[in-house]
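This report describes a ligand site, the strand pairings and a pocket. Please consult the sequence and the structure shown here.

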Amino acid sequence: MKIFDYMAQYDYEQVVLCTDKAVGLRAIIAIHDTTLGPSLGGCRMWPYASEEEAILDALRLARGMTYKNAAAGLDMGGGKATIIADPARDKSEALMRAFGRFVESLGGRYITTEDVGVTTKDMEFISTETSHVVGLPLALGGSGDPSSATAVGLLEAMKVCAREAWGSESLKGKTVAVQGLGKVATYLLPYLQKGGAKVVGCDVRREVAQGHKKEYAIEIVPPEKIYDVPCDIFSPCALGAVLNDKTIPRLKCRMVVGCANNQLAEDRHGQALMDRGILYAPDFIVNAGGVINLSFEFTGYDPEAALDRVKGIYHTMEQVLARAKSQGITTAQAADLLAEERIQSVRHIKKLYFE
Ligand code: NAD
């Protein structure tokens with residue numbers, strides 16, 4: 001992989017490699033764009049098979065955060081960190097604090113938070129070394145787990161798409177196929193049930209699927225069958241790249257609205273969905289609830305104000321659909337334009353006044 005070429009191709013600002021032999025830290029911090037403000041994005045801990053894979057993941061995710069934060073109207077840029085380690089085996093207070101020191105060394109250009117493999121407890125460790133961290137436990141004045149806010153935003157996006165497709169935002173009588181019954185999906189299920197929707201779910205963790213079947217009385221299918229379920233809404237809430245050449249022809253839904261990051265395997269899959277008459281709700285518009293909620297920690301966390309802002313995803317989604325329709329482009333392209341234009345306009349102002 002030619003890192004500088006990749007950085008130049010997508011306009012990255014900075015990549016930092018962090019190491020602390022004593023505690024076994026090997027981390028990457030990628031800062032994509034700070035035009036709108038300091039870069040904000042989670043820290044992912046994963047036993048990556050190679051350094052290259054960890055660097056690419058940090059880069060890809062950091063760019064995604066630039067788009068998500070910009071489209072959500074936050075005054076934040078995009079960044080992300082990856083730590084090469086197994087969270088079940090390698091995590092320690094010392095390792096998290098060592099990572100916190102590297103975050104501190106960037107002087108606020110990167111603000112960290114939770115992601116896969118990292119918890120609010122880890123944020124607490126990191127916060128002993130740096131103030132550039134959000135996602136702290138509620139007891140420490142933080143906003144806690146962002147998943148409930150993400151689920152609220154996901155529901156708002158579903159309502160807008162339902163109105164677009166069926167003329168009413170009601171989900172009564174609709175079938176929603178949920179891939180992955182983790183934190184966000186678990187918060188989503190009661191909303192769907194209250195709204196009168198039927199849920200078919202799956203999870204690779206069998207015990208989780210069975211537990212949800214009992215607790216929420218939902219139907220469970222094997223993970224590999226979820227793409228074939230006849231449904232109104234397919235909701236990817238597990239992994240990225242699930243919308244690809246193999247899965248799109250199998251889908252039997254009217255729309256895809258889920259919280260997983262980077263759902264389209266490649267940009268062209270946005271068009272492939274449109275060609276099949278499937279309405280795609282762009283992931284970074286749908287799943288911004290978590291980061292919107294986190295952003296309220298900067299000014300002293302106010303849950304009501306945060307929730308209000310999270311519900312604004314409804315209007316962002318409306319804008320994306322309207323733009324896609326009026327310009328004859330895919331919803332994914334419309335969402336990208338929304339983010340890019342905001343960044344461009346601010347970049348232009350900075351040029352005008354400060355250079
Ligand atoms: P999670 O880890 O709690 O849940 C994911 C679930 O998916 C797990 O139960 C896992 O076993 C299951 N899973 C993994 N691979 C699967 C597969 N192939 N088929 C079926 N199930 C599978 O994660 P989460 O916090 O609920 O987040 C879900 C997705 O949303 C992730 O992609 C995450 O990056 C994204 N996201 C989450 C938030 C948030 O606030 N938690 C915010 C933005 C985006």
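Which of the 20 residues around the ligand come nearest? They are Thr-150, Lys-183, Asp-203, Arg-205 and Ala-238, where a residue is near a molecule if one of its heavy atoms lies within 4 Å of it. The model is predicted, so local features need pLDDT of at least 70 and side-chain atom pairs count only at pLDDT 80 or more, while totals for chains, interfaces and linings use all residues. Residues are numbered from 1 along each chain as its sequence is written, and side-chain values use heavy atoms, with hydrogens and water left out.

**Ligand site**

| Protein atom | Ligand atom | Distance |
|---|---|---|
| Thr-150, polar side-chain atom | oxygen | 2.6 Å |
| Arg-205, side-chain N or O atom | oxygen | 2.7 Å |
| Val-184, polar backbone atom | oxygen | 2.9 Å |

Taken alone, the ligand exposes 820 Å², of which the protein buries 80%; these accessible areas come from the Shrake-Rupley method with a 1.4 Å probe. Helix H5 (147–166) and helix H6 (183–194) each supply at least two residues of the shell around the ligand. Helices (H or I, at least four residues) and strands (E, at least two) are DSSP runs, numbered from the N terminus. By class, the shell holds 10 nonpolar, 6 polar and 4 charged residues. Here Ala, Val, Leu, Ile, Met, Phe, Trp, Tyr, Cys and Pro count as nonpolar, Asp, Glu, Lys and Arg as charged, and the others, Gly among them, as polar.

**Strand pairing**

Strands E1 (residues 14–20) and E2 (residues 25–33) pair in the antiparallel sense over 7 bridges; two strands pair if DSSP finds at least two bridges between them. Gln-14 has Ile-31 of E2 as its bridge partner. The hairpin formed by E1 and E2 has 4 residues between the strands, and Gly-24 in the turn has a positive phi of about 75 degrees.

An open sheet of 6 strands, with parallel pairing, runs in the order E8-E7-E6-E9-E10-E11. Strand E8 (219–220) and strand E11 (279–280) stand at the edges with a single partner strand each, so one side of each is left without a neighbour in the sheet. E8 pairs with strand E7 (residues 198–202) in the parallel sense over 2 bridges, and Glu-219 in E8 is the bridge partner of Val-200.

**Lining of the second largest pocket**

Helix H8 (268–275), E11 and helix H12 (313–327) each supply at least two residues of this lining. The largest share, 3 residues, comes from H12. The lining has 7 nonpolar, 4 polar and 3 charged residues.

How values were computed: Polar contact = N/O pair within 3.5 Å; in protein donor to acceptor, adjacent residues only side chain to side chain.
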